[in-house]
Structures are given as C-alpha cells and as structure tokens.
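Me: I would like to go through this model with you. Could we start with the strands and then turn to the annotated positions?
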Amino acid sequence: MTYHVAIDIGASSGRVILAKTGKRLDITEIHRFKNGFTKSDGHDRWNINHLIEEILLGLEKVKTYGVDTCTIGIDTWAVDYVLLDENDELLADPVAYRDARTQGVMAKAFEKMSKSKIYQKTGIQFLNFNTLYQLCAEDRELLAKSKTILMIPDYIAYRLTGKKVGEVTNGSTTQYLNIHSRNYDKELLNIAGLDLDKFPELVETGTVIGKLSSDLYVKYDLPEATVIAVATHDTASAVVGAPATNDNWVYLSSGTWSLIGVENQEPILSQKAFEENYTNEWGAYKTYRFLKNITGMWTVQEIARMLDYQYTFAEMAEQAYQVEPFLQYVNLNDDRFTNPDNMITEIQDYCLESGQIVPETVGELVMCVYSNLALAYAHEWKVLEKLIGHELEVLHIVGGGSNVKLLNQLTADVIGKPVVAGPGEATALGNIMVQMITSGELQDLREARLWLSENQSLERYEPRPIADRDHLEIYKKTVL
C-alpha cells in the first residue's frame with residue numbers, strides 16, 4: 001500500500017485528500033477548510049498564512065490515519081503570487097486576481113510591447129489579471145523591498161520544504177514565460193520593471209522538490225513526506241485527471257471558471273488563435289493546454305451567496321429543471337459579471353437593458369445561467385474545431401461542475417456531441433496521478449489515464465434534438 005496526499009485549494013475552499021494506491025484506488029477527504037479573499041489595505045487579499053496552517057493541520061490528520069510515509073502534491077488557482085523580503089518573510093498578503101487594481105493596465109503594457117509580440121513570445125491569452133499585469137500594478141515600494149516572487153503553490157511548497165522553485169504549469173499563466181525557450185523572458189519582465197533574479201528556478205511537472213522541513217516537526221505531528229511538484233495549476237491537474245482514452249477529445253474543466261480546450265504536443269500561435277484569444281498554457285510533461293478561459297460556476301455561486309445560501313446547489317438545479325431553457329441570451333463573460341456587488345441584479349439589469357425576459361425566481365436565474373454556459377461552450381467548440389483544423393468527437397467534463405446533470409445535458413444538446421462527465425475530483429486525481437508517475441507506480445500519462453478510466457464511474461450524455469430555433473446562432477448574433 002502506497003500513500004499520496006493531494007493538497008487542492010480553490011478560490012472558495014481547500015482540501016487535504018489522502019489516496020491509498022495498490023490493487024485499487026481509495027481516496028478520502030481528510031480535511032476541508034474555507035478560502036476566500038477579503039478587503040484589506042484597500043485590496044482584495046488572500047489570507048495565505050491561514051491556508052498554510054490549515055494544510056499542516058490536515059497533514060496531522062493524515063498521520064492519525066496510520067500514514068507514516070507519503071508523498072505530497074500541491075495545486076491551486078493560477079496568476080496570483082507572494083512577495084518575500086530579504087529574510088524570506090511575507091511582505092503582504094497576496095492580492096486576489098479579482099481585485100480591481102489591474103483595470104486599464106494592459107493598455108499601458110501594450111505601449112511598451114505590442115500585443116501581438118507578447119502573444120508570439122508566450123502564446124498566452126490576454127486577461128487583465130495575468131500576473132504580468134498584476135506586477136505592473138503592484139506597489140512599487142513593496143516590489144523594491146522584495147527579494148523573491150513566488151506563485152501561490154510554489155510558496156506553499158517553500159513553506160513546507162524550505163526550497164524555492166517555480167513549477168511550469170502555474171508559471172506559464174503569468175504571461176512572462178517564453179514558450180520557445182521555456183524560460184523567463186527578460187523583455188517581458190522589463191514591462192513590469194523587474195529583474196530575473198527575483199524569480200525561482202523553473203521545474204517541470206513531476207520534479208521532486210524535497211522532504212518536509214525538520215523544523216515543522218517541532219510544532220506538528222506529521223508523517224515523513226516528500227513534496228513533488230505536480231501540475232500545480234489546478235486546471236493542469238484537472239486535465240491530467242481527464243479519463244480520455246482516445247486522441248480526439250476536448251476537455252472542459254468546470255469549476256469557478258470553465259476552461260475548454262485540447263491537449264497538444266506543440267503550441268498553436270496562429271493569427272486566428274491570437275484573434276480568438278486562445279491560450280497555450282503549459283501542461284504536464286511538456287504538453288500544451290490550448291484552451292479558452294471563460295466564466296463558470298462562479299455566477300451560480302454568487303447567486304447562492306446573494307440568497308444567503310438558503311438553497312443548496314442541487315436544490316437550485318432542481319428548480320431550474322422546471323424552467324424552459326434558452327429564454328435569455330446573456331454574455332456571462334462580460335466584465336460586468338466578473339465581481340459585481342449583486343450578481344442577481346446584474347443579470348436582471350442585463351436582460352432588462354437588452355429587452356429580454358427578466359429572470360425572477362431561483363429556477364429562472366439558474367436556468368438562464370446554465371443555458372448560456374452551454375451556449376458559450378458550444379460556441380468555443382466550433383471555434384476550437386476551426387483553429388485545430390478538424391472535427392472533434394467527445395467532450396470530457398471534469399471537476400465539480402461535472403456533477404451538474406442539467407448543464408451536462410444542455411451542453412450535449414447544443415454541441416451535438418456526446419458528453420462524458422466525471423470525475424468530479426479530477427483535479428485531486430490528476431495531482432495524485434503525477435505523484436504515482438514520479439513514484440514509479442504508473443509509467444506515463446497515457447497509462448495513468450487508462451488506469452483512471454478503469455477506476456472511475458463516468459456518466460455519458462447523448463445529444464437530444466433542440467426544437468424550433470438555432471440557439472447557438474441567435475446567441476452569437478445577440479451577445480458576441
């Protein structure tokens with residue numbers, strides 16, 4: 001019996017998950033804790049020390065399960081970072097990517113280097129919260145005091161091991177790594193006025209970082225553990241955890257964000273890919289995740305929050321089943337839905353302004369969101385086929401959103417292709433699979449996915465005919 005621990009942290013929660021591998025896979029959620037940003041010093045910030053403390057408490061619980069030796073992998077969201085001073089102390093809690101400080105920053109960056117040149121160097125899509133633009137907006141005094149800049153999962157690994165590295169899947173989302181040299185790009189760092197010496201050595205997915213620091217054992221009762229650099233960007237881990245067994249598939253990592261794309265061996269840097277704002281994020285084992293980043297379950301999460309969580313997500317979906325789909329066409333990727341004060345009124349105002357039926361009830365609001373997420377997925381499916389030059393066969397939806405049966409069926413209906421849903425724990429499983437490959441239990445990514453497909457229950461949704469209107473064409477004409 002071999003033990004692996006996945007530390008999986010998203011925008012709203014984190015988990016410490018224990019995997020026992022042998023004749024079969026057995027995973028157990030050992031510890032769950034809340035995450036979220038709060039306003040501090042005028043910015044939305046993450047409480048990073050709280051996350052570290054919760055991780056260590058979770059690792060203590062791992063030992064109570066009789067685990068004396070294990071490996072550990074860490075994955076989190078992308079683009080956010082920490083600043084450390086010359087004594088390796090935190091200069092401030094990291095600012096969250098949804099903070100408003102980067103508004104208008106991209107345009108100023110393009111005055112120093114053209115948008116097309118940045119894309120040809122990086123292959124990364126343009127989002128105003130990419131790390132490059134966050135660093136342009138960063139407090140210059142703090143930057144001057146900083147000795148080291150680490151991405152969130154790399155900082156957590158540093159706090160656990162005392163070793164500073166930059167794992168490439170998360171690092172690629174910064175938009176300051178050069179996709180050709182697979183290293184930092186000095187010209188891009190110059191845009192933010194930064195020197196190369198502030199950044200750690202880059203390492204590939206599967207690299208052994210090191211053992212837990214001995215000083216942690218003074219305060220905590222921990223197992224003997226080795227930290228492995230898994231695909232530290234949670235989406236990269238989720239794609240590893242897609243149980244695809246053929247070569248003509250699309251993944252949709254469905255969580256707070258929706259990321260839809262294909263896994264390539266080479267980046268696609270065409271003019272059309274640039275115009276469509278497709279990204280070539282680095283994947284595990286030198287693959288490239290050619291994808292589009294669009295909104296996801298965030299909208300429904302915010303509706304639930306506005307309703308003071310009086311309904312579970314399952315109850316909200318059940319009410320949506322009673323509502324006709326595709327009654328509104330809403331661009332949920334519009335900036336107005338990024339972080340509004342009230343998501344419900346923002347959706348209602350959008351519909352009112354565009355002369356559409358205004359959703360009022362919980363079911364109407366949720367069906368409005370799910371209908372338009374499905375249409376957004378369908379639109380990107382068509383774009384993706386054009387960009388890669390051939391028809392695609394099947395959509396693998398992984399992550400928490402794969403449990404939303406209503407959305408899965410609507411998506412199959414509008415793309416006209418089968419949808420395979422699951423696993424919901426793809427991120428944690430992808431994290432664990434990399435640990436297993438590094439430990440020698442699995443040979444490579446292809447064998448790992450085959451192993452996963454044999455160890456998971458998956459649901460398949462066949463497309464149904466959509467009556468009377470071509471909703472995708474109306475959606476494109478109305479909102480895009």
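Me: Which residue stands opposite Arg15 in S2?
Reply: This is a predicted model, and in it Asp8 stands opposite Arg15. The strands S1 (residues 2–9) and S2 (residues 13–21) are paired in the antiparallel sense, over eight bridges.

Me: What is the order of the strands in the open sheet?
Reply: The order is S3-S2-S1-S6-S14-S13, six strands with mixed pairing. Strand S3 (26–34) and strand S13 (207–211) are the edge strands, each pairing on one side only. On average, neighbouring strands are turned by 25° against each other, direction ignored.

Me: And which strands does helix H6 touch?
Reply: H6 (residues 152–161) packs on the sheet and touches S1, S6, S13 and S14. Its direction makes about 40° with that of S13. Helix H17 (residues 426–438) lies across S1, S2, S3, S6, S13 and S14, and runs at about 140° to S1.

Me: New topic: which residues does UniProt list for "binding site"?
Reply: The unreviewed UniProt entry lists Ala11, Ser12, Ser13, Gly14, Arg15, Thr256, Gln301 and Gly400.

Me: Where does Ser12 lie?
Reply: Ser12 is in the loop between S1 and S2. Leaving aside neighbours within four places in sequence, Ser12 contacts Lys34 and Asn35. Ser12 counts as partly exposed because its relative accessibility is 44%.

Me: Then Thr256: buried or exposed?
Reply: Thr256 counts as buried, because its relative accessibility is 16% and the cut-off for buried is under 20%. Thr256 sits in the loop between strand S15 (249–254) and strand S16 (257–264).

Me: What does Thr256 touch?
Reply: Not counting residues up to four places away in sequence, Thr256 touches Arg98, Thr295, Gly296, Met297, Trp298 and Gln301. Gln301 is also on the UniProt "binding site" list.

Technical notes: Residues are numbered from 1 along each chain as its sequence is written. This is a predicted model: local features need pLDDT of at least 70, side-chain atom pairs count only at pLDDT 80 or more; totals for chains, interfaces and linings use all residues. Side-chain values use heavy atoms; hydrogens and water are left out. Two strands pair if DSSP finds at least two bridges between them. Helices (H or I, at least four residues) and strands (E, at least two) are DSSP runs, numbered from the N terminus. Axes are lines fitted to C-alpha atoms, for helices over the stretch in contact, and angles run from 0 to 180 degrees between N-to-C directions. Contact means heavy atoms within 4.5 Å. UniProt positions are given in the numbering used here, feature names are shortened, and annotations may be inferred rather than shown by experiment. Buried means under 20% relative accessible area, exposed over 50%, partly exposed in between (1.4 Å probe, protein chains only).
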